[in-house]
Amino acid sequence: MASFCAHYHEKTKYSPEGIARSSRQLEWDSQPIPYKEYLTGQKIDLKSYLPGQNTGEDQPADPSGELGRISKLLYLTYGITAVVPYPGRPFYMRVAPSAGGLYPAEVYLVSRGTPGFPAGLYNYQVLSHSLIHFWDKPAFAALTEDCFNHPALVHTDLVLVVTGVFFRSAWRYEDRAYRRIFLDTGHLLGNLDLAASLSGLNLRLIGGFNDDRLAQLLFLDPGEEGPLCVAALCADAMPLGPTALPSPTCDTFPSLVAGQLLGYLHQVSKMEQPIAPPQPSQREDKYNFPFCLKVSMQTSPIDWQYSLGETIVRRRSTRQYTGEDLTLDELKALLNFTYQTNDYKAQGLAANPDYFDLSLLETFIAVTGVEGLEEGCYYYAPETQELRQVRFKNFRREIHYLCLGQDLGRDAGAVIFHTADLAVAVARYGERAYRYLHLDAGHLGQRLNLAAVRLKLGVSGIGGFFDDQVNEVLGIPEREAVLYITTLGRPAG
């Protein structure tokens with residue numbers, strides 16, 4: 001099926017020839033600030049409600065525990081964990097990784113009206129870990145209407161809306177930034193899912209909404225920012241409702257030049273009214289060749305007792321690997337936490353986290369250094385929990401090349417690739433499929449990040465790669481669009 005997102009994906013691929021021709025220099029003086037500052041509105045300080053921040057007699061009152069839960073939730077979702085001094089202005093590191101440290105997402109809270117949060121609109125001020133109540137008039141009814149009366153919104157009083165400020169990423173990555181904006185937001189959602197469990201909250205993601213009306217509700221600049229995802233929060237159970245709704249498909253479009261692709265894709269993937277969701281589909285294991293090597297990946301779950309919140313805060317992207325091998329047990333544990341979420345129900349985590357449609361994603365693993373596992377390319381079958389070898393070779397040199405010469409690709413012990421058949425995805429969700437695919441890939445990538453840090457391994461996501469060369473190396477069909485790469489190895493230093 002012809003679609004603009006398929007055209008966009010093709011036009012924003014990296015190629016050796018394109019990289020060689022590129023001579024663009026970044027204008028550092030125009031680098032965007034990666035956070036908003038609201039100068040008017042009532043400030044709710046959340047820092048005092050974090051553990052260990054205020055133990056004196058002046059501890060603010062929080063009879064319902066609501067302020068403490070939201071403080072913890074927001075900090076573990078998108079909070080600042082370190083400040084790195086730089087000339088001009090410091091760099092603030094956060095719990096969620098972001099390509100180039102550009103942090104394109106903003107987080108808003110919409111309240112129906114609760115003891116801790118009077119009705120209205122709030123923006124999360126990351127620098128001060130506070131919420132600014134910038135609109136004190138009722139907005140929840142309009143939000144519910146903009147989300148096509150999603151059933152979860154009837155049962156909650158607090159909702160987060162994640163928006164994207166497009167230029168923050170486009171300043172560096174140009175049109176390809178749309179991919180990175182949604183991958184980064186997927187990282188945030190991976191944290192949000194786990195932080196909700198740690199805060200005693202249930203979470204329902206909503207991907208279908210009227211984009212323009214919701215943007216107007218939040219007073220967003222329509223040319224610079226747009227809503228990316230809605231998340232309903234409640235201490236009690238909420239009805240499921242559809243997580244993903246389709247948008248129309250754009251099969252005819254004008255000739256566009258560089259710099260216009262990102263904005264046009266966001267425009268054509270918007271929704272004005274709901275379209276009936278597709279029938280639910282189950283994940284299917286593929287590449288089940290009778291002759292291929294199959295390796296069971298079943299294992300015991302990672303023990304997160306008292307350590308998950310700490311791991312979220314300690315997470316860092318690794319800059320260099322030693323090149324030493326991983327163990328098969330480590331790889332099993334990484335995949336278990338990422339894909340076998342039901343194994344973590346006993347630890348108080350969501351057994352079935354909200355994704356938009358995991359049945360559309362495929363996972364391939366290039367093994368270049370895992371003790372007890374033959375080198376080569378494997379397909380990971382999540383339902384049967386096994387690796388199925390599809391190519392027999394050490395691809396270390398090729399991965400180094402297709403990762404744009406980054407040493408992380410060369411020195412990793414295993415490299416995980418998330419892919420999707422774009423035509424199938426578009427047939428199910430229209431142009432909006434491109435959003436869902438990258439949100440889910442980023443969410444999976446964040447679970448890999450956290451599992452690796454817990455196991456004292458190195459991990460780093462890569463959003464820049466030679467797209468077509470990945471398909472050639474992995475030996476997968478051209479129709480499989482490569483969405484995201486996660487490298488895993490032994491950290492140096």
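The model is a predicted one.

**Entry 1: helix 1 and helix 8**

Helix 1 covers residues 4–11, and helix 8 covers residues 261–268. Their axes come within 10 Å and cross at roughly 160°. Angles over 145 degrees count as roughly antiparallel, so helix 1 is roughly antiparallel to helix 8. I noted the hand of this crossing as left-handed.

Next I listed who makes the contact. Helix 1 brings Phe4, Cys5, His7, Tyr8 and Lys11. Helix 8 brings Leu261, Leu262, Tyr264, Leu265 and Val268. Sorted by class, the contact of helix 1 with helix 8 holds eight nonpolar residues, one polar and one charged.

**Entry 2: the buried side of helix 8**

I stayed with helix 8. Which of its residues are buried? I found Leu261, Leu262, Leu265, His266 and Val268. The partners are helix 1, helix 5, helix 6, strand 9 (225–234) and helix 14 (433–454).

**Entry 3: helix 5 and helix 6**

I moved to helix 5 (residues 166–173) and helix 6 (residues 177–198). The axes come within 9 Å, and the crossing angle is roughly 130°. That angle makes helix 5 oblique to helix 6. Helix 5 passes helix 6 in a right-handed crossing.

From helix 5, I wrote down Phe166, Ser169, Ala170 and Tyr173 as contact residues. From helix 6, I wrote down Ala177, Tyr178, Arg180 and Ile181. The contact of helix 5 with helix 6 divides into six nonpolar residues, one polar and one charged.

The loop between helix 5 and helix 6 contains glutamate 174. I checked its backbone. Glutamate 174 is not a glycine, yet its phi is positive, at about 55°. Most residues other than glycine have a negative phi. Is glutamate 174 buried, partly exposed or exposed? Its relative accessibility is 45%, so glutamate 174 counts as partly exposed.

**Entry 4: another positive phi**

I looked at asparagine 149 as well. Its phi is near 55°, a positive value in a residue other than glycine. Asparagine 149 sits in the loop between helix 4 (140–146) and strand 7 (158–165). With 54% relative accessibility, asparagine 149 counts as exposed.

**Entry 5: helix 10 and helix 14**

Helix 10 runs over residues 328–339. The axes of helix 10 and helix 14 come within 9 Å and cross at roughly 135°. The two helices are therefore oblique to each other. The crossing of helix 10 and helix 14 is right-handed.

On the helix 10 side, I noted Leu334, Phe337, Thr338 and Tyr339. On the helix 14 side, I noted Leu444, Arg447, Leu448, Leu450, Ala451 and Ala452. By class, the contact of helix 10 with helix 14 comes to eight nonpolar, one polar and one charged.

**Entry 6: leucine 331**

Leucine 331 has a relative accessible area of 0%, so it is buried. What does leucine 331 touch, not counting residues up to four places away in sequence? I found Met297, Val370, Leu373 and Leu387. I also checked the C-alpha distance from leucine 331 to valine 370. It is 8.0 Å, although the two are 39 residues apart along the chain.

**Entry 7: two buried strand residues**

I turned to strand 5 (residues 120–125), which holds glutamine 125. At 9% relative accessibility, glutamine 125 counts as buried. A polar atom of the glutamine 125 side chain lies 3.3 Å from the backbone nitrogen of tyrosine 38. Setting aside residues up to four places away in sequence, glutamine 125 touches Lys36, Glu37, Tyr38, Ser130 and Ile132.

Is arginine 388 buried or exposed? Its relative accessibility is 4%, and arginine 388 therefore counts as buried. I left aside its neighbours within four places in sequence and listed its contacts. They include Asp285, Lys286, Tyr287, Asn288, Cys292, Leu293 and Lys294. Cys377, Tyr378, Tyr379 and Ala381 are also in contact with arginine 388.

Definitions and conventions. Residues are numbered from 1 along each chain as its sequence is written. This is a predicted model: local features need pLDDT of at least 70, side-chain atom pairs count only at pLDDT 80 or more; totals for chains, interfaces and linings use all residues. Side-chain values use heavy atoms; hydrogens and water are left out. Axes are lines fitted to C-alpha atoms, for helices over the stretch in contact, and angles run from 0 to 180 degrees between N-to-C directions. Helices (H or I, at least four residues) and strands (E, at least two) are DSSP runs, numbered from the N terminus. Angles under 35 degrees count as roughly parallel, over 145 as roughly antiparallel, 65 to 115 as roughly perpendicular and the rest as oblique. A crossing is left-handed if the near helix is turned anticlockwise from the far one by less than a right angle, and right-handed if clockwise. Contact means heavy atoms within 4.5 Å. Ala, Val, Leu, Ile, Met, Phe, Trp, Tyr, Cys and Pro count as nonpolar, Asp, Glu, Lys and Arg as charged, and the others, Gly among them, as polar. Buried means under 20% relative accessible area, exposed over 50%, partly exposed in between (1.4 Å probe, protein chains only). A polar contact is a pair of N or O atoms within 3.5 Å; within protein, one must be able to donate a hydrogen and the other to accept it, and residues adjacent in sequence count only if both atoms are side-chain atoms.
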